[in-house]
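User: Hi! I'm new to this one, could you walk me through it?
Analyst: Happy to, let's have a look together.
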Amino acid sequence: PLPDQRADVLLPEGDDRAPVLVHLHGGGLEGGSRHDDAGLHARLRAAGVAVVSPDYRLYPQARFPEFVEDAAACVAMVRRELPGRPLLVGGSSAGAYLAMMLRFDRRWLAVAGLASADVAGWLFDGGQPTTHFNVLSERGLDPARVVVDDAAPLFHVDATTEPAPTLVVLAEDDIPGRREQSDLLLATLARLVPGDDTRFEVIEGQQHSEYLRDDSAGQDRFVDLALDLVARAVATGSADPS
């Protein structure tokens, strides 16, 4: 792989069937790295969850959809190298946008040789369900605009979307408009995807993804929410058939 397509893999000791979470870092598709949330990942590992934290191509070198392709390739690598485990995919901020694209625009997993059923659960932390602001900038548009087109996860939610255990997390003081856009995503899922198990949580007293920091008062709450999602995903029995 290229230097910006590497991943850290944290496996709980003595458990070769532990569920695995692919967690995509934030940074606006122009910053951040796989090392950003190491403390959080260590806590999840200690609780019995394997964590894979990848890098992916970023602006200004990258262009849409290269970062989505990288995220899909990482999920395929995890399914190939760690078979037989319940597989969850998620991310924070820009990483949540990428995870949403993988769930709702199924062509990216398909290109990587996967289907939606290969993923047992999804974690969207502070993600933008409309077209990402830096994708708008790439097109020469005002990044403050709200656009729902082919680069928006919300655009791809329809009656063929497969239900899955999902967690949507926001901070109480999140990015302006993020709550309203997330509400629209949740309402669309509720209307079009019967049986979908999507839960929405707000972490009080926090700003956008602030609870990822090791010194944040909200990290305990975020870890508890993530572990609850893992338990729900495992309970569905959607492990790799191999």
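User: Which residue in β3 does V20 stand opposite?
Analyst: V20 stands opposite A50. This is a predicted model, where local features need pLDDT of at least 70 and side-chain atom pairs count only at pLDDT 80 or more, while totals for chains, interfaces and linings use all residues. Residues are numbered from 1 along each chain as its sequence is written, and side-chain values use heavy atoms, leaving out hydrogens and water.
User: How many bridges join β2 to β3?
Analyst: Three, between β2 (residues 20–24) and β3 (residues 50–54), and the two strands run parallel. Strands here are DSSP runs of E with at least two residues, and helices are runs of H or I with at least four, numbered from the N terminus.
User: What order do the strands take in the sheet?
Analyst: The order is β1-β3-β2-β4-β5-β6-β7, in an open sheet of seven strands with mixed pairing. Two strands pair if DSSP finds at least two bridges between them. The edge strands, β1 (7–10) and β7, each pair on one side only.
User: New topic: is S209 buried or exposed?
Analyst: S209 is buried, at 10% relative accessible area. Buried means under 20%, exposed over 50%, and partly exposed in between (1.4 Å probe, protein chains only).
User: Where is S209, and what does S209 touch?
Analyst: S209 sits in the loop between β7 (198–207) and α7 (219–235). Leaving aside neighbours within four places in sequence, S209 is in contact (heavy atoms within 4.5 Å) with S92, S93, D125 and A171.
User: And how many residues of α3 are buried?
Analyst: In α3 (residues 94–104), 11 of 11, including Y97 and R103.
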